[in-house]
Number of protein chains: 2
Amino acid sequence: MDVEAVLQKVLPRIRPTDEERAFVEGLMRKLKGIAEETIESLGLDVKPYFVGSLAKDTYLAGDHDVDLFLAFPLDTPLKELRERGLELGRGIAERLGSYEIAYAEHPYVRARYKGVKVDIVPCYDVESWRDVKTAVDRSILHNRWVIENLNGKNDEVRLLKRFLKGINAYGSEIYIRGFSGYLAEILVIKYGSFLEVLKNADFMLRQKVIDPGNWLKREHEIAMRTVRREAEADRPLIVIDPVDPRRNVAANLSWERYGVFYFRAHQFLENPAEEFFFGGAKKSGSYLSELRRKGTHLVTLMFQKPELVDDVLLPQLERTARGFEKALTREGFRVLGWKVGYSKEKAFIMIETDRIERERVLIKQGPEFFTERGWDFYRKNEKIWLVGKRLYAEKKVSSFILDVLSELVEKNQVASGKGVRDFIKRAEALLDYVPKDLEEFAYLFLSREDGNLKG
Amino acid sequence: MDVEAVLQKVLPRIRPTDEERAFVEGLMRKLKGIAEETIESLGLDVKPYFVGSLAKDTYLAGDHDVDLFLAFPLDTPLKELRERGLELGRGIAERLGSYEIAYAEHPYVRARYKGVKVDIVPCYDVESWRDVKTAVDRSILHNRWVIENLNGKNDEVRLLKRFLKGINAYGSEIYIRGFSGYLAEILVIKYGSFLEVLKNADFMLRQKVIDPGNWLKREHEIAMRTVRREAEADRPLIVIDPVDPRRNVAANLSWERYGVFYFRAHQFLENPAEEFFFGGAKKSGSYLSELRRKGTHLVTLMFQKPELVDDVLLPQLERTARGFEKALTREGFRVLGWKVGYSKEKAFIMIETDRIERERVLIKQGPEFFTERGWDFYRKNEKIWLVGKRLYAEKKVSSFILDVLSELVEKNQVASGKGVRDFIKRAEALLDYVPKDLEEFAYLFLSREDGNLKG
């Protein structure tokens, strides 16, 4: 099938229907009315804005999350904005139905209305990047810039977003590190269409800096500082935010996610197919057969899930997994890979190792023999010999991997995420076995099918 | 027991008795007579000299090797020296008994006379280092210098030599890399006695340069060049040869052998005992128990012994062992140590490893994904994933160590000594088992008792 034919089959599946569009518009109208009434009843000088993909009309069919921003005047003290903002949010939410308080830089209200998630977020009513005071303020500017520049390319954005979702490269959350919706919009605006973005996957990596706001001319110093800082941090892309020269829109994009996009774009252009947009049939298989095929072993540490949000929990689990990798490597096991995850109750770290028993005697390298430390080493060790100028000695150690692991944890010799440390101490260690509900996860990990660029 | 008492018990065991002395002197007299007669009968202008420990009266009781040097005039062409020297050597040897031709820089005759080994070596009759033309010429100068400077300390030299033998640090041969007899003599002359040499084990290492011939004054440039060259090569000691400022007498002394001397000297001064001079009872035990205790494995490669002299064979076996260590490490086995050796018929390399089976799948690190080589890697591999910017892929490999070894050898992926290479290809590989006559060797290796500084 040629590319156009594929896109023509995809579009109807991701573009909202007229009914859906009418529903969304009605929803926003009503929300706006409720917001304005509540603002007035509280006697506040606040403007309600819709931001996000609904407001920009770049949302995917069926994806109706609403972002309602409540913009306070710039001269409102931060403390007042927090308190009044939350009060106002509650006031609105109470008229919508159930709600809860969520926490980002400051607290906001997360409500549900007609089956749709509505985030009600207080912010400052900024006109330019120079006014920006809190992390969310920029959203209003983003919204405005996209609407002004999108030029009817809304469906192209939908294609790109759906493609990125299909290849598992969408979302700028720290545990995904993929493309944000705003980044997808900028790329479509910059390159003109979904296909052009794909065709430029290699070029944009080489060009490295994308500056749709023309900041390198308008605010050379500030923009250059951003470029230098982000180049130093070795980001795959530096997309200077068209509404703020201090910010790289792609700051959270990882090399892995860019790489996935890079190869999938290439594959799609060679062999276009609908599956790219919706994910192929998930590979499945037996993790036990994978262990047999590879001749490796799987250690799974399971423990009570700490009460942390995803943005915090996953990086901490990853840090801990890296800590185990380093510690096990130091102890003579080879770690072929690891992967973390969690369910409602439990968090877990899976580690693939080359074996489950090591030698019972390790060889310690000591200092040069003619030094003070050399004499110390000489005195402290029973059996001791020389290789070149260095002293060596034997050290008796536990052999079985689970013994080694529990010693490492007991002696605090595993660098681990702060919020996870105490839970790790009470972790259960499983060897070459996982509970039923982790079998698929284990298979995808061991087979590397989850990251397989050709899978 | 105090130090003096120990030395008084050792001395009678290592000092030649009057009878022995008479025998040796008679022997040398007769040899000299035979040599002079043969020289005359051949009409040659050659002077016979005795060199070595017999001539210097620093030989140990029972150690009667004779070095008879035949010194040709300096203007003799090298070719003539070789031919005439060999002819003369044969002439003398025929009057002594059985003999054979041995090879060093030039051929010489090795005879037996009254149960004593007699090396008959042609050389130039040099008066100074400036005359030296072949490697052996210096011996006459060494002999003269020691006799002139020893000052009755002959028994001190005997103590030091016997001590170095007892702790296994004697001999400058390339496969020992210990102290030569000449070096022992210089140290006694320099520090005044056996005990003073031991007491200075640390000091001489720090002082580094020993210059008994005062060359740094007499021939500053040349001596400094020697010091710089040898310092560059990181020798433990730089002993400028009192008869030749271009030469470090300790050039062949290794850090290991110096280290053994260093610790044994310390131990002897703390707890003097006769055993230091004669070697303790050899440790013995079961190599199989060692393997069990350590949880390690022993691979022994046995092959026909190449026809090479020790000085060549052992370094080549060691190079080959290092080659196996590198190759096995690259393949994912840990090598805890190795040791080489040979008997009359067979040479062997023993390698201690952490395990005998590795995983059946290795993970290959590839290039960065956005490069030409990245695309090659992408095309060539079935399953492929990203970690950071790098591509990774799986590679199926043999798991069993003997399979891995034979593949390595077949594919010429083991750096090995030139004279050994072809033999290695036909090597037999033994796993966790050695023939009866290697059991002790295997035990000493696996237990590290052969190098144990506290053993």
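Predicted model: local features only at pLDDT ≥ 70, side-chain atom pairs only at ≥ 80, totals over all residues.

Student: Why is Asp234(A) called partly exposed?

Tutor: Its relative accessibility is 34%. Buried needs a value under 20% and exposed one over 50%, so Asp234(A) at 34% counts as partly exposed.

Student: What is the phi of Asp234(A)?

Tutor: Phi is near 55 degrees, a positive value in a residue other than glycine. Most residues other than glycine have a negative phi.

Student: Where in chain B is Lys114(B), and what is its phi?

Tutor: Lys114(B) belongs to the loop between β4 (107-113) and β5 (116-124) of chain B. Its phi is positive, near 50 degrees. With a relative accessible area of 45%, Lys114(B) is partly exposed.

Student: What makes helix α7 (residues 181-191) of chain A an enclosed helix?

Tutor: Count the buried positions: 9 of its 11 residues fall in that class, so the helix is largely enclosed by the rest of the structure. Among them are Tyr182(A), Leu183(A), Glu185(A) and Tyr191(A).

Student: Why is Val10(B) called buried?

Tutor: The cut-off for buried is under 20%, and Val10(B) has a relative accessible area of 0%, so the label applies. Val10(B) is part of helix α1 (residues 3-14) of chain B. Setting aside neighbours within four places in sequence, Val10(B) is in contact with Leu159(B), Glu274(B), Phe277(B) and Phe278(B).

Student: Is Ala71(B) buried or exposed?

Tutor: Buried, because its relative accessible area is 2%. Ala71(B) lies in strand β2 (residues 66-72) of chain B. Beyond its neighbours within four places in sequence, the residues in contact with Ala71(B) include Val46(B), Tyr49(B), Cys123(B) and Ile140(B).

Student: How do you know that β13 and β14 of chain B are paired?

Tutor: Pairing takes at least two bridges, and 4 bridges join β13 (residues 384-387) to β14 (residues 390-396), so they qualify. The two strands run antiparallel, and Trp385(B) stands opposite Tyr392(B) in β14(B). They form a hairpin with 2 residues between them, and Gly388(B) in the turn has a positive phi of about 60 degrees.

Student: What makes Arg358(A) and Glu331(A) a salt bridge?

Tutor: The limit is 4 Å between a side-chain nitrogen and a carboxyl oxygen. The closest N and O atoms of Arg358(A) and Glu331(A) are 2.6 Å apart, so the pair meets the limit. Arg358(A) is in the loop between β11 (346-353) and β12 (361-368) of chain A, and Glu331(A) is in the loop between α15 (310-330) and β10 (335-342), so the pair ties together parts that are 27 residues apart in sequence. Arg358(A) is buried, at 3% relative accessible area, and Glu331(A) is buried too, at 16%.

Student: Which part of chain B gives the most to the side that touches chain A?

Tutor: α12(B) does, with 9 residues. By class, that side has 19 nonpolar, 11 polar and 20 charged residues.

Student: What is the area buried between chain B and chain A?

Tutor: About 4,800 Å², of which carbon and sulfur atoms give 58%. Phe369(B), Tyr378(B) and Lys454(B) supply 13% of the area that chain B buries against chain A, more than any other three residues.

Methods: Residues numbered from 1 in each chain as written. Chains lettered and ligands numbered in written order. Heavy atoms only, no water. Buried area = accessible area lost by both parts, 1.4 Å probe. Nonpolar A, V, L, I, M, F, W, Y, C, P; charged D, E, K, R; others polar. Buried < 20%, exposed > 50% of the residue type's maximum accessible area, 1.4 Å probe, protein only. Contact = heavy atoms within 4.5 Å.
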